[in-house]
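Hi,

Here's the structure I said I'd pass along. Have a look at it first, and my notes on what turned up follow below.

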Amino acid sequence: MKKLFFLLSLGLLTSCNDYLATDPEDFVAPQTYYNNEAQLTSALMGVYTKLGNTINQGGSAEESTYSRFLSLEAPSATDEMLARSNSAVAVSSYSFDSSYPQIVNCWTNLYQGIDRANLLLENLDQANTSQEVKDQIRGEALFLRGYYYFLLVGYWGDVPLKLTSTKSVAD
């Protein structure tokens, strides 16, 4: 009995080392991702994606940015168009506040696009691809970051300027 207990204890103590020393397989670190043209293009498409982002909340899709908010709902609060709504809270009836979901989603999407552009620009030079490809992607990322700021300033005035990616929650 003592021999069996000793063997089980020894087996439990030595068998855990291999299982605990594994690297995560479901995460791509920025330091190892931006290596080739395909990865740079994929990251750039992530910056573009924020223009037409759709957020699924509670089983129904709520459109934000250009898929609905900037093209239809936001102009209804100006003299550009007249939109009638049967909703108690709507931009067109000036009965919304800063917690209105479409406004929050639009603000968040634009800043997420800026953060993605900043991350791409910070890691662009480590890629093993031609300078022409890097310059093309850099130009598009800089344009998109500037365009996102153009939209933010146009709707909200002075907004925080972020020229580096978010590295911690304190950022």
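Predicted model: local features only at pLDDT ≥ 70, side-chain atom pairs only at ≥ 80, totals over all residues.

I started with the helix pair α3 and α6, whose crossing is left-handed. On the α3 side, the contact is made by Glu37, Leu40, Thr41, Leu44, Val47 and Tyr48. Facing them from α6 are Val133, Ile137, Glu140, Ala141, Leu144 and Tyr148. Sorted by type, the residues of this contact come to 9 nonpolar, 1 polar and 2 charged.

As for the geometry, α3 covers residues 37-49 and α6 covers residues 131-156. Their axes sit 10 Å apart, and the packing angle is about 15°. Angles under 35 degrees count as roughly parallel, so that is what α3 is relative to α6.

Stepping back to the whole protein, there are 6 helices and 2 strands. Going from the N terminus, the order is α-α-α-β-β-α-α-α. Of the 171 residues, 30% are buried. If you take contacts between residues at least 6 apart in sequence, 62% of them join residues at least 24 apart.

The other spot I looked at is Asn123, which belongs to helix α5 (residues 101-123). Is Asn123 buried or exposed? Its relative accessibility is 12%, so Asn123 counts as buried, the cut-off being under 20%. A polar atom of the Asn123 side chain lies 2.9 Å from the backbone oxygen of Leu119. Leaving aside residues up to four places away in sequence, Asn123 touches Pro30 and Tyr34.

Cheers

Terms used:
Residues numbered from 1 in each chain as written. Heavy atoms only, no water. Axes fitted to C-alpha atoms, helices over the stretch in contact; angles between N-to-C directions. Helix = DSSP H or I, 4+ residues; strand = E, 2+ residues; numbered from the N terminus. Parallel < 35°, antiparallel > 145°, perpendicular 65-115°, else oblique. Left-handed = near helix turned anticlockwise from the far one by under 90°. Contact = heavy atoms within 4.5 Å. Nonpolar A, V, L, I, M, F, W, Y, C, P; charged D, E, K, R; others polar. Buried < 20%, exposed > 50% of the residue type's maximum accessible area, 1.4 Å probe, protein only. Polar contact = N/O pair within 3.5 Å; in protein donor to acceptor, adjacent residues only side chain to side chain.
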